[in-house]
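Visitor: I am new to reading protein models. Could you walk me through one?

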Amino acid sequence: MKLMIVGSGYVGLVAGACFSELGHDVVCVDRDAGKIERLRAGIVPIFEPGLEALMLANTAIGRLTFANDLGGLNNGVDAVFIAVGTPPSSIDQSADLSMVFAVARDVARAATSDLVIVTKSTVPVGTGDEIARIMRSTAPKLRFCVASNPEFLREGNAIKDFMAPDRIVIGVEDDPARVALERVYAPLTERGRPLVSTSRRAAELVKYASNCFLATKISFINELADLCEAVGTDIEEVAGGMGLDRRIGSTFLQAGPGYGGSCFPKDCDAMLATAKTNGVTLSVVSSAVAANEARKDAIASRVIRALDCGTEDNVVAVLGLTFKADTDDVRQTPAFPLIHALKQAGISVRVFDPQGMGHARKILTDVEFCHSALEACSGADCAVITTEWQEFCALDARTLARAMRRQRIVDLRNLLDHENFVREGFVVHSVGRPTRLPDQAAPGLRDGGSAPASADWEDVSLALSSNVESGDVVARGRAFSSGAYGAAP
Ligand SMILES: NC(=O)c1ccc[n+]([C@@H]2O[C@H](COP(=O)([O-])OP(=O)(O)OC[C@H]3O[C@@H](n4cnc5c(N)ncnc54)[C@H](O)[C@@H]3O)[C@@H](O)[C@H]2O)c1
């Protein structure tokens, strides 16, 4: 089949590469001429594991091409997919659909024959009706069959998610759209991937309902992590015990700094806006959003307290800027509000991210961008793990202990092997777990290294001094007495 995808961002490029890999002829369109030029030159503008190889392989055989206008629309295209952004509106919580509607209008103007048009962008329920109306009024003589085909890929895992989806949802109101989409996805349904056919409105809502549910799961586990800290137990053990129940499932039960990214925050807001417009209260979703918002402040306060002295002259290394690992996307990342709060408190901030530095440089000011995690930590008083990058797991505790001015880690992803760090004299704060104190024999303590002493750290200080005397080491600290840490997608 011949497919056109309008909007060549995270979703459009992944869809284009994967559709062409499945055997379709695909043209990816974007209004950003520079982006199209780079794509034609083989430069992939986003970091997504596996994407570059797939794109280069399919462009080489001519099955994937790029354009910055709709010129190819009338060359036998079987379906046009809209994959442009639907950012939050600048006026209220709703989704800004101006780009979607602009594409609908442009496609209707450019079309010379009947067409199937499919919305892959995440759009509120009823948007398909409006797209159909716009197209009909723009080109009344043509028949446009408008369908919804929401995308569920996760950045960082997008190729796998697209090629082996849990489900494909198509929302159709007519046979031409149904037949076209069944043919588009035949290579996947033939491999046993389920295709769910619904009304167009239901498909639109499936996407929002799914994201809101996942956001709720994250907010739930984050609040539970706070309770674990308060009662001195470990969220990992609790989540592990919960997750084995198939009704609950083990995914999205990792406590962390709160959800971010380009989807969950805006999609929750847009769903709440839809509910409000329709006179419905979604109190569970509202609470999940409020819990996530509150987490931002709580995380910053935690890091500041972990410094365990005045904020002046303190240096914090923030490791990880993207909202999750394996992407370069920093949209709505939890790292930014944390950095902002640290700066407001007069703390110097050094940052490093394996992939997100390019985007972050356009947004962050007054921070020191470093070339490696180790460079960011050198001379720092505290290191904060904000993103679960695999390469941070390999950080050597001894090297870090020597490089840092004071040995403090706030591991917001429970990523590191904390045992190694306490052995090297670190105080280790994690999420939903007791704070770990330096091992008695740790080099930092042997050299008269500092112990935590603030009011929040009463338990910890006591534990530390008794450890030093008795040799009966480790984490009996009850972490912090208040506040919240967080989970993340
Ligand atoms: N990023 C994700 O993980 C993800 C997952 C599922 C669904 N979605 C949804 O998919 C949609 C796209 O998200 P994204 O992250 O790919 O966005 P993006 O911002 O990365 O890409 C959108 C692209 O559309 C282009 N564009 C805008 N208007 C255009 C026009 N008139 N003609 C041609 N190109 C145009 C932009 O230049 C940009 O390159 C959103 O609705 C989003 O909510 C995103």
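Visitor: What percentage of the residues of the protein chain count as buried?

Guide: Residues are numbered from 1 along each chain as its sequence is written. This is a predicted model, where local features need pLDDT of at least 70 and side-chain atom pairs count only at pLDDT 80 or more, while totals for chains, interfaces and linings use all residues. A residue is buried if 20 or more other C-beta atoms, placed from the backbone, lie within 10 Å of its own. Here, 52% of the 489 residues of the protein chain are buried.

Visitor: How many helices and strands are there in the protein chain?

Guide: Both are DSSP runs, numbered from the N terminus: helices are H or I with at least four residues, strands E with at least two. The protein chain has 20 helices and 14 strands.

Visitor: In what order do the six strands of the open sheet lie?

Guide: Strands of a sheet pair through backbone hydrogen bonds, either parallel or antiparallel. Two strands count as paired if DSSP finds at least two bridges between them. In this sheet the order is β11-β10-β9-β12-β13-β14, with parallel pairing. At the edges, β11 (368-369) and β14 (427-429) each pair on one side only. Further in, β9 (residues 315-319) and β12 (residues 382-385) are joined by four bridges, and V318 has V384 in β12 as its bridge partner.

Visitor: Which residues come nearest to the ligand?

Guide: A residue is near a molecule if its C-beta atom, placed from the backbone, lies within 6 Å of it. Of the 26 residues around the ligand, the nearest are G7, G9, V11, S121 and T122. Helices α1 (10-21) and α4 (98-110) each supply at least two residues of this shell.

Conventions. Buried ≥ 20, exposed ≤ 12 C-beta atoms within 10 Å, placed from the backbone.
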